[in-house]
Amino acid sequence: MTSNVAAIGPDMPIRDVTTLMELRRFRHFPIVEDGSGGARVVGMVSDRDLRAVGSPHPSARPDVSVFDPVRLIMSTPVITAHPDDAIEDAARRLRRHRVGALPVIEDDRLVGIVSAVDLIEALAGQRAGHQPSSLLEVEVPNRPGGLLGVLGALARLDLNVASVNTTRSDADAVAFAIRLDTIDAAGVARALRDDGFTVLWPVTVDTAGVPT
Amino acid sequence: MSTSGGAAAGSVRFVSAPELDEPMLGADHPFKAVRLPLTRTLLEHAGLLDPTEIVAPERIDPRLLYRVHDADYVEAVKLAARGDPLDDAWTYGLGTADNPIVPRMDVAALRIVDATVTAAAVVARGEALRAASFAGGLHHAQRARASGFCLFNDLAVAIELLTSRYGLRVAYLDIDAHHGDGVQAAFEERGDVLTISLHESGRFLFPGTGFEDEIGRGAGLGTCVNVPVDPGTDDASYLEVFDLVVPSALAAFRPDVILLQAGADAHRFDPLAHLELSIAGLIAVYERVMALADRFSAGRLVVTGGGGYDPYRTVPRAWAHLWCEMAGRRLPETLPASWHAAWRGRIPTELPTTALEPEDAGPTDDARRARIASHNRAVAHRTLAALTPIWAGWRRSAHHDAPL
């Protein structure tokens, strides 16, 4: 999330909002109104909303010009996030409401804005740890102890787990991408397969019979 | 550069010593030292390695080692190797699945550093144009951490020798299937060392780094080149991205010497990686490196080994070909029967009988190959797109030099 958020009032002319957006290089602004209970987010405006003004776009209101207040084109009601929301919750809300950013609101106070790009960065950061590691992808039954069995086997092989991500999940099975602190993922895969686990990566290619 | 004056054209050296043939991390470890005597004896039985070309490793100035590794890490390796209990072994990457604690591993690791530094020194002093240290190439070792079978980073120490003692600009080229993360980390902020690594993408393979947006930092911006390729990459696609990126990088950097890490695990038989190069493909890479050294570093080339976990069928043959390219020789089509006889009963599998593999490698999935090649090409172009403007800036600068 970006904490240094630029909030603007509902009466700012659309033309000025456009200028400010260019200047600050943001693509979304929360619209904030000062009321008796303090500042309150009353709408959101995106670069797309601004560009539609005066255009033949079907969603554009023909009666609104760039000299009118931004309140006329802002989106309401506002879809918000809370600082303690899970990243995947915020991502789901962005998808469901088809918006590009959520104002982050804590106790009626605007504390930041989180965009789709922020969420992608957060998820990409989970991909690799900060230490050298190998990828192991395993599929386990979708029932209690499924992943635990794999983790127990890895611990017995004296391997440290740097990160775990779910790559796919259905009623019967869940696949996990596990990053391990070893160069020999092939050896780990062999050991797990010998123990009856389903290893999706690394694949083993049997070259024993290939002519040399 | 005047140091090449004494080197006869085509003169080559092969660093070797009996103790380098002993496994550093134990006999059962996948990093098999037997690759070295297998390679050397193949060359000897074929009459392609003259005894006068073999040099023993010299002891290095220990100060060089400490330019690359923290003193507390070196001390931890020594203590662990002596069997002293070490509370923080884990933080140094010691006693792990990859780097078990083995008696005298410190001595073995130092001998490998000696070997590679000797090869570098021989070239820097002009005693030979090209020198090989196939025991070396431990590119994963970090400043204060063992990693991926590597304890001490012989490559980084050799680069320190070449830069600090001889004032040379060094281009490091890493064709191991794994990213050369330890060497990159050691020099990514240095303008006088170029590191180039072509490897299977970190998305799939250890150590999980080496993406095309890693291009160096600070004074080293632009001196770090990464081409991550997809699992399944074949000869044609590998050579295509090699030709796209490597010559341009060397032309921009203008090295005095090239250091090649020639891990042989990009071969399709390697059990630890998923690239699908053939022996012929590796030879084509080696030929290119020789031509590039002639063109950009007055022929000066230092070669090390590296990964390679198909130790009987693949590695000796690959490295014997590499030595032949360095020396301007050629392996006979049929490998000498006396070589096979010398090893019969001493290794668990058959040795190859021919210099090349049968041309028919079985069925191929052309659509899959085309798709992999297309992606690799896109990645190589992204690497170039990030670096080309920086390299153009070097060329414009007054002294025609990269920032130091």
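The legends below describe close-up views of a predicted model.

**Figure 1. The interface of chain A and chain B.** In this predicted model, 25 residues of chain A are in contact with 37 residues of chain B. The two chains bury about 2200 Å² between them, and 59% of this area lies on carbon and sulfur atoms. On the side of chain A, the three residues A:Pro132, A:Ile183 and A:Thr212 supply 34% of the area buried against chain B, more than any other three residues. The number of salt bridges found across the interface of chain A and chain B is zero.

**Figure 2. Packing of helix 7 against helix 8 in chain B.** Helix 7 of chain B spans residues 235-253, and its axis comes within 11 Å of the axis of helix 8 of chain B, with a crossing angle of roughly 15 degrees. Helix 7 of chain B is therefore roughly parallel to helix 8 of chain B. Their crossing is right-handed. From helix 7 of chain B, the contact includes B:Tyr238, B:Leu239, B:Phe242, B:Val246 and B:Leu250. Among the residues of helix 8 of chain B that they meet as a group are B:Ala284, B:Val285, B:Arg288, B:Val289 and B:Leu292. By class, this contact of helix 7 with helix 8 of chain B comprises 12 nonpolar, one polar and four charged residues.

**Figure 3. Packing of helix 8 against helix 9 in chain B.** Helix 8 (residues 279-296) and helix 9 (residues 315-327) of chain B have axes 9 Å apart and pack at an angle of about 30 degrees. Since angles under 35 degrees count as roughly parallel, these two helices of chain B are roughly parallel to each other. Helix 8 of chain B passes helix 9 of chain B in a right-handed crossing. Helix 8 of chain B contributes B:Ile279, B:Leu282, B:Ile283, B:Tyr286, B:Glu287 and B:Met290 to the contact. Their counterparts in helix 9 of chain B include B:Trp319, B:His321, B:Leu322 and B:Met326. The residues of this contact of helix 8 with helix 9 of chain B divide into nine nonpolar, one polar and three charged.

**Figure 4. Cis peptide bonds in chain A.** The bond from A:Thr76 to A:Pro77 is cis, with omega near -10 degrees. A:Pro77 is placed in the loop between helix 2 (47-52) and helix 3 (87-97) of chain A. The bond from A:Trp201 to A:Pro202 is also cis, with omega near 0 degrees. A:Pro202 lies in the segment after strand 8 (198-201) of chain A.

**Figure 5. Backbone of A:Arg25.** A:Arg25 is a residue other than glycine with a positive phi, near 60 degrees. A:Arg25 is located in the loop between helix 1 (14-24) and strand 1 (28-35) of chain A.

Notes: Residues numbered from 1 in each chain as written. Chains lettered and ligands numbered in written order. Predicted model: local features only at pLDDT ≥ 70, side-chain atom pairs only at ≥ 80, totals over all residues. Heavy atoms only, no water. Axes fitted to C-alpha atoms, helices over the stretch in contact; angles between N-to-C directions. Helix = DSSP H or I, 4+ residues; strand = E, 2+ residues; numbered from the N terminus. Parallel < 35°, antiparallel > 145°, perpendicular 65-115°, else oblique. Left-handed = near helix turned anticlockwise from the far one by under 90°. Contact = heavy atoms within 4.5 Å. Nonpolar A, V, L, I, M, F, W, Y, C, P; charged D, E, K, R; others polar. Buried area = accessible area lost by both parts, 1.4 Å probe. Salt bridge = Lys/Arg side-chain N within 4 Å of Asp/Glu carboxyl O.
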